[in-house]
Each structure stands twice: as C-alpha cells, then as structure tokens.
Amino acid sequence: MSVPEPAPPGGVMTRLPDSLGAGEPTPGLSDTSPDEGLLDPLTVEDRAVEQLAEGLLSHYLPDLQRSKQALQELTQNQVVLLDTLEQEISKFKECHSMLDINALFTEAKHYHTKLVNIRKEMLMLHEKTAKLKKRALKLQQKRQKEELEREQQREKEFEREKQLTAKPAKRM
C-alpha cells in the first residue's frame, strides 16, 4: 500500500507520483469530464468563488483594516514628529543666531569702551595742548617784555654814557 504524496503548491500536478508506473491508472482521475453531472457548473463555481472571496475577506479584512488604521496613526505621528523636529531646528538656529548677536553686542561694547577711552585721551591731550599754548604765549610775551626792557635799559645806558662822555670845549 502506498501513501499518497501531498498536493503540490497551487494544487496543480506537474508530474506523476513516483508510486505510479507508466500505464497504471491514476487514482481520482477518470476519462470523464469534471463538469458532467452538475446542473449549472458556472453558478456553482461563481457562488463558490463568491463564498471563498467573502470568507477570505472576512478572515483578513479586519486585520488589514487594523493595519491600515495603525499605518495612518503612524503617519500622523510621523507628521507631528517632523513638525516638532522642524520647530526644534528653528529654535536651535534662533539660539545660534542669538549667540552670534550676543557676540556682536559684546564686540560692539568692547569697541565702544575703546572709543570712550580714546575720546577721554583726546580731551585730555586737547586740554594739555591748550595749557601749553597758553604757557608758550605767556613765555613769549615775558621774553618780549624782557627784551624790550633790556633794549630800553641799553638805550638809557647809552644816553647816559653819551651824556657822560667828555665834550671838547669850543674855542673861541
């Protein structure tokens, strides 16, 4: 007694089983048409196809619908995450730009301090030059006055010497 082999995938046999030799009758196969004896073969097949399709759909459809809903939720969550990520990226860019702005303000404050110090130095130098000019003018006036006094003194001495110089008497 031989054990029948399992049906191949798809239910279509491509070769004879090894237990059957050439010329032996195949069990379950006959020379008669499979449609013989059925009243309405298309109706039965259509009904069977419909019932099989309905059974297949009823079996897999709930899982497919749950999967579809889960995918939609995942897609929505992904969109929310992408939006959140974009917001965070913009915040980081804003923080980075704030750091740049803070660095610019620090640099501006540094240069402002330098300018204030330069201005103070310039005012101090201006005051010193004004004092020096005033002192130089006073010294020049004093020198001119001293020179004038010396000149006057020389003229007085010259006049005095002139008067003291012996004059020859006139002969008459």
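The points below cover the basis of the notes, then the salt bridges, then the surface patches.

1. This is a predicted model, where local features need pLDDT of at least 70, side-chain atom pairs count only at pLDDT 80 or more, and totals for chains, interfaces and linings use all residues. Residues are numbered from 1 along each chain as its sequence is written, and side-chain values use heavy atoms, with hydrogens and water left out.

2. Taking a salt bridge as a side-chain nitrogen of Lys or Arg within 4 Å of a carboxyl oxygen of Asp or Glu, the count is three.

3. Glu88 pairs with Lys91 in another salt bridge, at 3.6 Å between the closest N and O atoms. These two are about one helical turn apart because three residues separate them in helix H1 (helices are DSSP runs of H or I, at least four residues, numbered from the N terminus).

4. Arg154 and Glu151 also meet in a salt bridge, 3.2 Å from N to O. Glu151 is partly exposed, at 36% relative accessible area (buried is under 20%, exposed over 50%, partly exposed in between, with a 1.4 Å probe and protein chains only).

5. On the surface, Glu45, Asp46, Glu50 and Glu54 gather in a negative patch (patch residues have over 30% relative accessible area and no salt bridge, with like charges joined within 9 Å and nonpolar side chains, Val, Leu, Ile, Met, Phe, Trp and Tyr, within 5 Å). Glu54 lies in helix H1, residues 41-164, and is exposed at 52%.

6. Leu56, Leu57, Tyr60, Leu61 and Leu64 make a nonpolar surface patch with about 510 Å² of accessible area together (Shrake-Rupley method, 1.4 Å probe; for residues, only the protein chains shown count as cover).

Technical notes
Lys, Arg positive; Asp, Glu negative; His and termini not counted. Charge placed at Lys NZ, Arg CZ, Asp CG, Glu CD.
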